[in-house]
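Have the viewer open while you read, and go point by point.

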Amino acid sequence: MSAPAVSSMRWNGDRLLLVDQRKLPASLEFATCTSARDVAAAIRGMIVRGAPAIGCAAAFGVALEALRRRTQAPVEFRRGLDDACAALTASRPTAVNLVWAVQRMRRALPDGAAPPIAAARLLEEAQAILDEDVRANRAMGAAGAGLLPARAHVLTHCNTGALATGGHGTALGVIRSAVEAGKDVHVTACETRPYLQGARLTAWELQREGIPVTLITDAAAGFVLSRGGVDAVIVGADRVAANGDVANKIGTYPLAVLARRHGVPFYVAAPLSTVDAAVASGADIPIEERGADEVSGFGSERWATAGVPIRNPAFDVTPAELVTGLITERGVLLQPDAARLRALLGPDPDRNTEF
Ligand code: MRU
């Protein structure tokens, strides 16, 4: 059975509706946000996740706060927005789209405008960020689909689909665009321990759209790649450093090493809002460490030995030298490095330059 791609979020007049991704695939439910605080909590609590999606949600968080405070005096309004921006920026550390979106919202705030006018302008900007993300994903999809043969077997990791973005997806967007272009694509999805974005979200998105998908454990990727027949590994990114190093979901780096070992191209699909030109290399990217409970079990079930020390880094860094190509809305950058990335970015006022 085939259905259109789900939308991760929807503006509903005076509130933001977010697909509650914690509940999938068991049920498709929406969480309602009416303030920046709600949105920051939704990001922190993984109701919404995926780098571009949290950027878009944060932008609406700023707009919601402005709407909520539009009857306040300008000084109070401004102070409230500053606090909201700080809370949103601090809600998760690794995906740079979050900071990028909040900074862009700050720049959109008209100097000296009355609060109701500023609030209307901020809502427009949030909608523009969401719309542009979908357009960027479509452009990446078109560029990336051209890299795949007519019959393609693609291995992917985590969830990079409509749920993780404003719509369509980054790595899954490439797969969707290839299918739309008439290609016969089979996807192998890694389950993505410990939060299981692959098993819960990627498998769900692809299955409901009728795109063939097989789920494997993360540890099975080496076996699958060693047996041949995989045409490409395509993943997304949470932050791309100025030298092309890529932070993405934990387990991405081993996939890049395996892909190189077995001669399989390794592509990263990411919009330019994911590039952080202020961070020289992957070593400088802040990596989120999450709670032990995600590793010791799932839901109410515990399987780890009680009391064992646990570490749970949520992302890893893949060195640029292992990346065959960076798929962006401006085309495919083969063998990304500092010089090539600089040339691709060019002078762009919206680019991440300082934090
Ligand atoms: O912890 P998550 O689920 O927010 O991590 C998401 C990822 O790592 C994705 O691969 C990344 O954001 C790129 S998706 C568009």
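1. Is helix α6 (residues 171–180) largely enclosed by the rest of the structure or open to the outside? Largely enclosed, because 8 of its 10 residues are buried. Buried here means under 20% relative accessible area, exposed means over 50%, and partly exposed is in between, using a 1.4 Å probe and protein chains only. The buried ones in α6 are Ala171, Leu172, Gly173, Val174, Ile175, Arg176, Ser177 and Ala178. Just after α6, Gly182 takes a positive phi of about 95°.

2. A word on the ground rules. This is a predicted model, where local features need pLDDT of at least 70 and side-chain atom pairs count only at pLDDT 80 or more, while totals for chains, interfaces and linings use all residues. Residues are numbered from 1 along each chain as its sequence is written, and side-chain values use heavy atoms, with hydrogens and water left out.

3. Now the overall picture. The protein chain has 11 helices and 16 strands; these are DSSP runs numbered from the N terminus, with helices being H or I of at least four residues and strands being E of at least two. The chain is as compact as a globular protein of its length, because its radius of gyration is 20 Å, close to the 20 Å that the globule rule gives for 355 residues. That radius is taken over C-alpha atoms, and the rule is 2.2 Å times the number of residues to the power 0.38. Along the principal axes, the C-alpha atoms fill a box of roughly 65 × 50 × 45 Å.

4. Buried residues make up 54% of the 355 in the protein chain. The chain exposes about 14400 Å², with carbon and sulfur atoms supplying 54% of that area; the areas come from the Shrake-Rupley method with a 1.4 Å probe, and for residues only the protein chains shown count as cover. Of the contacts (heavy atoms within 4.5 Å) with a separation of 6 or more, 75% are between residues 24 or more positions apart.

5. The domain assignment gives domain 1 (9–137) and domain 2 (143–345), with bounds from an automatic or database assignment. How many residues does each domain bring to the contact between them? Domain 1 brings 27 and domain 2 brings 32. Their C-alpha centres lie 25 Å apart.

6. Trp11 and Phe60 are stacked, 5.5 Å centre to centre with 15° between the planes. Rings of Phe, Tyr and Trp (its six-membered ring) pair if their centres lie within 6.5 Å; planes under 30 degrees apart count as stacked, over 60 as edge-to-face and the rest as tilted. Trp11 lies in strand β1 (residues 9–11) and Phe60 in helix α2 (residues 51–68), so the pair ties together parts that are 49 residues apart in sequence. Trp11 is buried at 19% relative accessible area, and Phe60 is buried at 0%.

7. Two charges sit over rings, as follows. The charged end of Lys249 is over the ring of Phe315, 4.1 Å from its centre, and that of Arg290 is over the ring of Tyr195, 5.6 Å from its centre. To count, NZ of Lys or CZ of Arg must be within 6 Å of the ring centre and within 35 degrees of the ring normal.

8. Please check the backbone here. Most residues other than glycine have a negative phi, and most peptide bonds are trans. The bond from Leu24 to Pro25 is cis, with omega near 5°, and Pro25 is in the loop between β2 (16–19) and β3 (30–33). Arg193 and Pro194 are also joined by a cis bond, omega about 0°, with Pro194 in the loop between β5 (184–190) and α7 (197–208).

9. Cys158, not a glycine, has a positive phi of about 60°. Cys158 is in the loop between β4 (151–156) and α6 and is buried, at 7% relative accessible area. Gln335 has a positive phi of about 40°, but Gln335 is exposed, at 54%, in the loop between β16 (331–334) and α11 (338–345).
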